[in-house]
Amino acid sequence: MKNLPDLSVSEKLAQAFLEMPNELPKSMQVLCDSLLIDVAGLCVAARSADYVQATMRATNEPGNCVVIGHQGRFNVATAALVNGTATHGEDYDDTFEGGPIHAGAVIVPALLAAAEKHQLSGADIARGIAVGSELMCRLCSVAPKLVHKAGFHPTAVFGALGAAAGVASALKLSQAQWVNALGIAGSMASGIIEYLAEGTWTKRMHPGWAAQSGYRAARMAQEGFTGPRTLFEGDHGFFHAFANLDTGDFSEMLDGVGKVWLSSEMAFKPYACGTMAHPFIDCARKLLAEGLNPDDVESIVCNTAEGIVHRLWEPLSLKQNPPNGYAAKFSIPYAIAVGMLRNNAGLDDYEEQVVHDPLVRALASKVSYRIDPNNPYPKQFTGHLRVTLKNGEVLEVSQGHFRGGRDEPMSIESLEEKFLANCQYGGWTLSDASAALTCLRGIRSAPSLDLSPLAK
């Protein structure tokens, strides 16, 4: 750019986050506790999965950090990468209506690894989680839908910046170092969405890669490495690269930063699949509860948002017949079918024998869509089913919100129940899970970190 700004966007962010009060607002304290509990349970649930085991074998380097659900101690990059990969691996982690992004899967692994490496307090961890999560959520307002449209995974590319900001805040970096950390992370951000073609594993590793990248960026800045302060507004900046956007409006991202916490409305998932499928599953289960017999269904047509078609609806024949359990997580036809036939969409419902069940595939093949030009996505996630029965009767149901989100939040008690269920799924005893839950509840107020109850 010809005229560099006196105060860049990154510098404005740094000022706001560095000047915020030491004590987080109650809503963010709750969010930090919720993210810690949810992330840990998801790590345990996935600990024996093939993709987690492959990541462990590839990065098994010793250190002093915990990989949740595994014995031993590992270096900071291994812990951040594996924990982030495990958290996001089953697509059962938090989300943000306005993104969608999955902040917890990036920020919590980055902060826990940094805290163990640098002996940080619970208050430091909480501050880092709050700042990193908030930045990821605010980044969603700059170019809604354009990052996905350009072929990138927002969690991956926003995550590197969020992790850098979170770790920089927890390490109490100076304003200049904080800005440099963000600038460095911009060159580390990556993650394309071609995993959609055949249900391969790369999306699973995106949060872990972002977590360890953000940590590296913060540490490099701490040691004097520099990055562009015009990361956002520069001619060759972040959104130019990842959203094909030549001029960005950053006013909404900056409005109230450090004072208004958008991330306090982060959503937690009741189902183990892609975020935007959830309201459709709820609609399917509502019809089931009202007496619908899936055998009587002739066809199902859903009103949907144009912005999710390329990820969750097309190619329609592939979404109606997903090749494996991971591909099924990004199929709304499958989600509706399994919701109707099994009255759930949990971890068990995406196992291979269910995905290849002829009854599930037959019902999924009856599901199609039409684009609703007035759909509020990405500000709001909605569901709709218009079911035509074999006798000609038509049933219709809609849901205008994401269950587990701002309009119907998941309580801390429900999150703890989810945690215990995930631990059981991952093979932990109730005693192991209870000890871990006690540890997690105490992290935010702890003078120092002891994650040994999670290393099993």
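Predicted model: local features only at pLDDT ≥ 70, side-chain atom pairs only at ≥ 80, totals over all residues.
Let me start with the side chain of Gln399, which reaches the backbone oxygen of His401 at 3.1 Å, and which is also joined to the side chain of Asp282 by a polar contact of 2.9 Å, where a polar contact is a pair of N or O atoms within 3.5 Å, one able to donate a hydrogen and the other to accept it, with residues adjacent in sequence counting only if both atoms are side-chain atoms. Residues are numbered from 1 along each chain as its sequence is written, and side-chain values use heavy atoms, with hydrogens and water left out.

Gln399 counts as buried because its relative accessibility is 16%, buried meaning under 20% relative accessible area with a 1.4 Å probe and protein chains only. Leaving aside residues up to four places away in sequence, Gln399 touches Pro279, Asp282, Cys283, Thr382 and Gly383, contact here meaning heavy atoms within 4.5 Å. Gln399 itself belongs to strand β5, residues 394–399, strands being DSSP runs of E with at least two residues, and helices runs of H or I with at least four, numbered from the N terminus.

Turning to helix α1, residues 9–19, we find that its buried residues are Val9, Ser10, Glu11, Leu13, Ala14, Ala16 and Phe17. Among the elements that cover these buried residues of α1 are α6 (122–139), α9 (175–186) and α12 (251–254).

Technical notes: Buried < 20%, exposed > 50% of the residue type's maximum accessible area, 1.4 Å probe, protein only.
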